[in-house]
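User: I'd like to learn how to read a structure feature by feature. Could you take me through one, giving the general idea and then the case at hand?

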Amino acid sequence: MALPQQCEAAFGTADLYGVLGVRRGASPQEIRRGYHRASLRLHPDRVPAEHKEEATRRFQILGKVYAVLSDEKQRTVYDETGLVDEDAEALQDGRDWLEYWQLLFKVTVKDIEDFQKSYKNSAEELADVKAAYVNFKGDMDRIMETVMCADYTDEPRIREMLEQAIDSGELPAFKAFVRESKKKMMSRRKRAEKEAKEAKKTIDELGLGGENDLQALIKSRSRDREKEMNNFFAQLEEKYGNSSKKGGKKSSAKKRKT
């Protein structure tokens with residue numbers, strides 16, 4: 001089966017750029033970041049044993065996508081024809097994509113922390129958030145999945161960025177965003193909390209850092225995160241509560257007074 005068809009079966013899209021969550025004109029750095037984001041979400045060590053075989057298959061497909069888009073010649077062929085050179089050495093099944101990934105993204109906890117500090121609230125992050133909002137037409141599930149370094153505690157901050165851009169006319173007011181139900185928000189939060197509990201185990205298995213540092217980091221943030229999210233949902237209920245009731249009037253994003 002050709003790579004685009006493998007992508008269609010595994011990810012629901014035959015577009016290699018779509019698999020990485022990047023635009024067609026993405027720079028090599030954006031391609032690499034897209035692969036890094038997607039590979040962290042799909043890494044086989046993040047799933048239960050019974051799902052590891054399927055996760056490994058998807059991870060291998062992801063590696064092949066990156067191999068094509070990170071190679072200038074192969075990418076040009078794909079852009080011009082929509083076809084992939086299936087005979088290329090990098091696309092052969094014998095390659096160990098887990099080993100390749102570990103060599104490509106050898107990082108430590110301190111590396112992650114330093115990058116997060118420089119990325120969050122930066123112009124780069126704002127651009128990524130806006131791009132994700134447009135690409136996914138306001139679907140916060142997809143936005144939160146694709147924005148780098150974002151966890152559920154970042155949602156209030158990211159939502160505020162988007163509301164300000166909507167209020168200024170810079171972004172359209174997609175219904176999926178301005179009228180998202182509280183049930184969907186809560187479901188996303190529960191999934192994120194479950195993933196957060198698994199994060200330490202995942203990082204330990206991937207050899208990304210020391211156990212004590214991670215434990216201290218998680219403990220130091222847990223109370224602040226819980227308080228922040230509770231306040232966030234209270235604000236949302238006050239702001240959008242009436243529009244979610246049956247028979248309520250259609251609403252749009254409202255301007256926040258500062």
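User: Is Glu124 buried, partly exposed or exposed, and what is its relative accessible area?

Analyst: Happy to start there, with one word of caution: this is a predicted model. Burial is read from relative accessible area, where buried means under 20% and exposed means over 50%, with partly exposed in between. Glu124 has a relative accessible area of 34%, so it is partly exposed.

User: Which side chain does Glu124 meet in a salt bridge?

Analyst: The partner is Arg33, and the N to O distance is 3.3 Å. The two residues lie 91 apart in the chain, Glu124 in helix α8 (residues 123-135) and Arg33 in helix α3 (residues 28-42), so this pair links distant parts of the chain. Arg33 is partly exposed too, at 23% relative accessibility.

User: How many salt bridges are there by this rule?

Analyst: The count comes to 18. Another of them joins Arg23 to Glu30, with 3.0 Å between the closest N and O atoms. Arg23 is partly exposed at 49% relative accessibility, and Glu30 is partly exposed at 22%.

User: Which residue forms a salt bridge with Arg159, and how far apart are the closest N and O atoms?

Analyst: Glu180 does, with those atoms 2.7 Å apart. Here, too, the pair links distant parts of the chain: Arg159 sits in helix α10 (residues 155-167), while Glu180 is in the loop between α11 (175-178) and α12 (182-205), 21 residues away. Arg159 has a relative accessible area of 2%, which puts it among the buried residues. Glu180, at 8%, also counts as buried.

User: Which residues are linked with Arg159 and Glu180 in a network of salt bridges?

Analyst: The network also takes in Asp139, Asp141, Glu155, Lys184 and Arg188.

User: Let's look at α10 itself. Why is it described as largely enclosed by the rest of the structure?

Analyst: The way to read this is to count buried residues along the helix. In α10, 10 of the 13 residues are buried, so the helix is largely enclosed by the rest of the structure. Charged residues are included: Glu155, Arg157, Arg159 and Glu163 are on the buried list. Also on the list are Pro156, Ile158, Met161, Leu162, Ala165 and Ile166. From its first C-alpha to its last, α10 reaches 18 Å, close to the 18 Å expected at 1.5 Å a residue. After the helix comes Gly169, with a positive phi near 85°.

User: Which residues of α4 and α5 meet?

Analyst: Ala67, Val68 and Leu69 in α4 meet Gln74, Arg75 and Tyr78 in α5. By type, the residues of this contact divide into four nonpolar, one polar and one charged.

User: What does Pro4 touch, leaving out residues up to four places away in sequence?

Analyst: Pro4 touches Thr13, Ala14, Leu16, Gly82, Val84 and Glu86. Pro4 is found in helix α1 (residues 3-11), and its relative accessible area of 9% makes it buried. Its C-alpha atom is 9.8 Å from that of Val19, 15 residues apart along the chain.

User: Finally, how many helices and strands does the chain have?

Analyst: There are 13 helices and zero strands. Of the 258 residues, 39% count as buried. Among contacts with a separation of 6 or more, 64% come from residues 24 or more positions apart.

Terms used: Residues are numbered from 1 along each chain as its sequence is written. This is a predicted model: local features need pLDDT of at least 70, side-chain atom pairs count only at pLDDT 80 or more; totals for chains, interfaces and linings use all residues. Side-chain values use heavy atoms; hydrogens and water are left out. Contact means heavy atoms within 4.5 Å. Helices (H or I, at least four residues) and strands (E, at least two) are DSSP runs, numbered from the N terminus. A salt bridge is a side-chain nitrogen of Lys or Arg within 4 Å of a carboxyl oxygen of Asp or Glu. Buried means under 20% relative accessible area, exposed over 50%, partly exposed in between (1.4 Å probe, protein chains only). The expected span of a helix is 1.5 Å times one less than its number of residues.
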